[in-house]
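Q: I am new to this structure. Please take one part of the chain and walk me through how that part sits among its neighbours.

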Amino acid sequence: MQFPQWWKVSDYLKTHSAEEAQDATKVPYVWAQDKEGMTYYEAIEEDPVVSDTWHKGMIMIETTQPISGMFPFHSMKAAVEAEPHRAFVVDVGGGRGNALVSIMKECGGSYGGKMILQDMAEVLEGKDPVRVDGVESMPHNFYDIQPIKNAHIYYLRNVLHNHYDARSRVILRRIVDAMGPTSRILIGEMVLPATAAPGSDPFPFFMDLNMFMEGGLERTEEHWEKLLGEVSLQIEKVWRHPDNPVQSTIVATLKS
């Protein structure tokens, strides 16, 4: 849906400041559609055909992007079994729950801890309600106070690249305020190379431009460190997929 609008980017850059590009109601896509004042998502939802196409595309992307092969969720077995009253994984903005299904498959279950899927009510309880065995669905806006406290893992997969740093800090702070001393945030995102070597895969940079159209961006490891540090988090480790090192899971903990 963004592709026909890409050719207007140069005109957008001539007429908009960097600050305006980070305003959710003035991003390139809505400007090109003559819908400034709406967010990208509001503009998408305004047209039922475009909305349906977009949601189907997101489902396809969800099912094809790797979840396992990076952070070893099975390594949490002893910790979760020792404190099963704490949620095992809270998947924040988790869509239809594909990530939790993959995690439970890797672990052979949930080790007695809750698996909680959070997303907007219209996603979880819309025309095709989300029901996943072994998973508790919980309507939740990630800009609001996080109701699940002291979970073992809070999982953000393909969430923060939709948002510039200011909005990302709000989302992260809601989770930070809910974390316990041993809680972790897992961030499933691309980690861009610091430089683009000749002959390297152009797809991550294509995605960065794609996210710019919507009002977001892909980030380098240095950028992730800065963003997380601003909300009292530190990177414990970056787990990179062996077949595609750009696809990563960042493990963040509270600053000591």
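A: A residue counts as buried when its relative accessible area is under 20%. The model is a predicted one.

Five of the five residues of β2 are buried, so the strand is largely enclosed by the rest of the structure. Both of its faces are covered. On one side lie Met 115, Leu 117 and Asp 119. On the other lie Ile 116 and Gln 118.

β1 pairs with β2 in the parallel sense, over four bridges. Here Val 90 has Ile 116 of β2 as its bridge partner. From β1 the chain runs through α8 to reach β2, a β-α-β crossover that is right-handed. β3, residues 136-139, also pairs with β2 in the parallel sense over four bridges. In that pairing, Gln 118 has Met 138 of β3 as its bridge partner.

Now the helix of the crossover. α8 covers residues 98-107, and its buried residues are Ala 99, Leu 100, Ile 103, Met 104 and Cys 107. Viewed down the axis of α8, these buried residues fall within an arc of 130°, so they line one face of the helix.

What do the buried residues of α8 pack against? They pack against β2 (115-119), as well as β1 (89-92) and β4 (153-157). Just after α8 comes Gly 108, with a positive phi of about 70°.

How values were computed:
Residues numbered from 1 in each chain as written. Predicted model: local features only at pLDDT ≥ 70, side-chain atom pairs only at ≥ 80, totals over all residues. Heavy atoms only, no water. Buried < 20%, exposed > 50% of the residue type's maximum accessible area, 1.4 Å probe, protein only. Helix = DSSP H or I, 4+ residues; strand = E, 2+ residues; numbered from the N terminus. Arc of directions from axis to C-beta. Contact = heavy atoms within 4.5 Å. Pairing = 2+ DSSP bridges. Right-handed = clockwise from strand over helix to strand, strands pointing away.
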